[in-house]
Protein chains: 2
Amino acid sequence: MTHARFTRLAQSLPASVPFVGPEEQERTRGAPFDARLGANENVFGPSPKAIAAMQAEAIEIWKYADAASHDLRAALAGHLGIEMGNIVVGEGIDGLLGYLVRLLIEPGDAVVTSDGAYPTFNYHVAGFGGVLHKLPYRDDHEDLRGLMALARERGAKLIYFANPDNPMGSWLSGADVVAALEDLPEGCLLLLDEAYIEFAPEGTAAPVEIEDERVIRMRTFSKAYGMAGARIGYALGSAGLIRNFEKIRNHFGMGRVAQAGALAALQDQDWLREICDKVAASREAIARIARDNGLDPLPSATNFVTVDCGADGDFARAVLGGLVAQGVFVRMPFVAPQDRCIRISCGTEADLARLAEALPEALRRARGG
Amino acid sequence: MTHARFTRLAQSLPASVPFVGPEEQERTRGAPFDARLGANENVFGPSPKAIAAMQAEAIEIWKYADAASHDLRAALAGHLGIEMGNIVVGEGIDGLLGYLVRLLIEPGDAVVTSDGAYPTFNYHVAGFGGVLHKLPYRDDHEDLRGLMALARERGAKLIYFANPDNPMGSWLSGADVVAALEDLPEGCLLLLDEAYIEFAPEGTAAPVEIEDERVIRMRTFSKAYGMAGARIGYALGSAGLIRNFEKIRNHFGMGRVAQAGALAALQDQDWLREICDKVAASREAIARIARDNGLDPLPSATNFVTVDCGADGDFARAVLGGLVAQGVFVRMPFVAPQDRCIRISCGTEADLARLAEALPEALRRARGG
C-alpha cells in the first residue's frame, strides 16, 4: 500500500546535495581538518559588534523574528540608497535562488548558466524541472555576451551570472555588465550573483538602476560580512519583481539572532574594510605559496585564489586529494578545463602555514613521487 | 519590454503573508505591545544551557553549518529511539511544510484540512497549486475520521491534522489517532503536526511505528523548547519517505547558532519539564481570568488557552481589538463558529496581570459600553 504519491517531478529527482560539507568529510575521514580553506568562508569572522548583537539577541530567541525583516531591510535600503521594497531578505543566497527559480521556472523552461558555475543554482533549476543550457567559460571568465546569445537561441527565461565569479575568482567591470544588457533578450531575466562583491575592485558592482527590470542581484552576509553560519542573503531588484517573493517565501523563515547580527555587521563598515584588507593580504600569501611550488595563481576579486596546477583534472584532483589527506580542506572546479585548478579560500597565517607545509607533499604524491 | 516571465502558477498567486507578525502590528500602531500573548511563543524561554550554547556558537558564525545537521539528528534519534534516517531538520515546521507540499502536490491535486486550521499550511498548498478541501471542526475538535472520509471522496494526496490542535487547543489521544489510520485511504499521507506535543497530556503523542508509511510527523523547537526565533523544526517518518527531502531542501539553509541551541535544549529535559509546569500554571491563570470576566476557557493541551467570548465572531473581534488597543497582543480563530473565541498564549505573571487589567475594558467596549 503506497501512501506518499510524489509528483512526477519529485519522482524524477535524485537525492543529492550540491556540495559535501567539510563536517561530512571530517566524519568520513574520522578526523577534523587542520585548515578549513575549502568553502570560501571568511575565517576573519564578522564584526565583534555583530557577535555581541547575536549574543544579546540569543536571550530573545523565544520570539519569532520579524517576518518583514523591517530593520535589516531599512538599514540595507539606507546603505544602498534604495527603497525597502527593492529588497527581499532570505535564507542565504541559496534560499533566494530557490525562490526565484520557483517563481520563473516550470518543467521544460530553459535556463542558461556557465558550465562549472554555482552547483546550487543548477540544483534548484533541476528541482523545478528547468532545462539547463551551459556555456563553457572563456579564458577562465564567464562569457556574459555568450550567455545572452545562448539565452536568445534557447528562449531562456533566466541567466545565471556571478560577478565576481566562483569558482574562478575572475570578474568583469560593472560597466561591462551594464553594457552587455543591450544583448539581453526580451523575456529573459539576468540573475547577477554578487556574493563576493565586497572583495572586488572598485567599479565591479554593476551600476544597474534599481528599477531596471532586466536584472535581479543577490548579495549575502556569508562572505565579506563573515556570517556564513547565520544564513542571511538578500536580493535587490525592481519593486514589482521583488514583491513576487511575498507569494511564496517562508515568511517566518529568518532567524532572530541572524537578523540582529546582520544589522550590526552592516553598521560596522570599518570592520568590513579591515576584512577586505586582510583578505587581500591572504590572497597574496596564497599566490606566493602557489608560485613557490611552481603553480600559477589566477587573479581573484574574491576571498579565494584559484590555482592552476599546470596539468589536467586528474592531476589537480590528486593534488586536492593530497591536501585533504593532510588535513587541509580545499575544493576545486568540477568542469574541464577549469578543473586543472584547485580553489583555496583565504585563511589565517596559521592556516596558510599548514597549506605551505602540505602543498609540496601533495604535489609530490600527485606526481607519483 | 518584459523580462521576468513568471510561471502561470506564480502569476495566479496573491502576495500574501499567512500571519501579520506582532512587529508589523507594532509599527502600524506606533507603539510596542505591553504583553506578547498572540503568537503562541514560549515566554519562559529556552534552557539557559541553550542560550549559552548559542552565545558560544556565535563566535563560530563564520562557518557554514553542517548541512546534514548530524549532531542534532543523532541526538534526536537517540532521544526518540529511532534512526537518523527517520529525521529531517528544516527551517521550522513552516519550512518543512513547504518542502512536503512541494514533494507531493502539483497543480490540481487535492489536499484536505480542517476549516480554520493552520494558515501557513494552506499558503504552501496554494503556492504549489493544490486544491484545498476543508472540513468544519466538530465540537471545537478537528474531525480526524471525517478528514479521512473527505480525503477518500476527493482522492486527496495529503491530510493536515494537528494534535494538539491550533487554534482550539483541543486534542485526541494518540491511541485514537492510530486507530483512525484504518480509515486512511490509499495514496494519501497523513501529516501529523505535533508542534505542541510536549505540552499535552501523557498519551497524546500518537504511538505510530516510525517506518509506518502512512504518516509523517512534524515537531519543533519553537514551542516547548522556547526557540521560535531560531527556526528549527524536524519531520519524522519512514526512512524511504524522509530521504525525499534531500531532493529539494535548501541543504545549507540551517543556521549554526540555531542548531547548537537546539542540541543543548534537547539535552536539558529537566528544563523542558519545568517549562511544561509553568505553562500549565499559566493556562490555569488565563482560564481564571477568563472566568472572572464571565467567559468560558476551553480545555487546552498547548501553551495557549482559547477563550469562548460567548457570542459571535464580530463580538470576539471587538474584544480582540480592545485588547490590542490596550497593548495586549492576542490572536483569534479565523473561521466561524470558532471565531467566537480569542486565543491567548501563556505568559508571565506580569503579562497576565496586564491581560486581567485590559480584558474588562475590552469587553465593556465590545458590548458598546
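# A guided tour of chains A and B

Begin with chain A of this predicted model and select its open sheet of seven strands, which has mixed pairing and the order S2-S8-S7-S6-S5-S3-S4. Strands S2 (87-90) and S4 (131-135) of chain A each have a single partner strand and stand at the edges, so one side of each is left without a neighbour in the sheet. On average, neighbouring strands of this sheet are turned by 20° against each other, direction ignored. Strands and helices here are DSSP runs numbered from the N terminus (E, at least two residues, for strands; H or I, at least four, for helices), and two strands pair if DSSP finds at least two bridges between them.

Residues are numbered from 1 along each chain as its sequence is written, chains are lettered from A and ligands numbered from 1 in the order in which they are written. Because the model is predicted, local features need pLDDT of at least 70 and side-chain atom pairs count only at pLDDT 80 or more, while totals for chains, interfaces and linings use all residues; side-chain values use heavy atoms, with hydrogens and water left out.

**The S3-S4 pair**

Select residues 110-114 of chain A next: this is strand S3, which pairs with S4(A) in the parallel sense over five bridges. A:Val111 stands opposite A:Leu132 in S4(A). In chain B, five bridges likewise join the parallel strands S3 (residues 110-114) and S4 (residues 131-135), and B:Val111 stands opposite B:Leu132.

**Helix H3 of chain B**

Now select residues 48-57 of chain B, where B:Ala50, B:Ile51, B:Met54 and B:Glu57 are buried. These residues cover an arc of only 130° around the axis, which puts them on the same side of H3(B); the arc is that of the directions from the helix axis to the C-beta atoms. Buried means under 20% relative accessible area, exposed over 50%, and partly exposed in between (1.4 Å probe, protein chains only). The buried residues of H3(B) pack against helix H10 (256-266) of chain B, contact being heavy atoms within 4.5 Å.

**B:Phe221**

Which loop holds B:Phe221? It is the loop between strand S7 (215-220) and strand S8 (233-236) of chain B. B:Phe221 is buried, with a relative accessible area of 0%. Not counting residues up to four places away in sequence, B:Phe221 touches several residues, including B:Leu72, B:Leu76, B:Tyr234 and B:Ala262. From B:Phe221 to B:Arg231 is 10 residues in sequence and 7.6 Å in space, C-alpha to C-alpha.

**Backbone stops**

Most residues other than glycine have a negative phi, and most peptide bonds are trans. Select A:Asn40, in the loop between strand S1 (35-36) and helix H3 (48-57) of chain A; its phi is near 55°, a positive value. A:Asn40 is buried, with a relative accessible area of 1%. A:Arg231, in the loop between S7 and S8 of chain A, has a positive phi near 60° and counts as buried at 5% relative accessibility.

Finish with two cis peptide bonds: A:Asn166 to A:Pro167, with omega about 20°, and B:Asn163 to B:Pro164, with omega near -5°. A:Pro167 lies in the loop between strand S5 (158-162) and helix H8 (174-180) of chain A.

Key. Axes fitted to C-alpha atoms, helices over the stretch in contact; angles between N-to-C directions.
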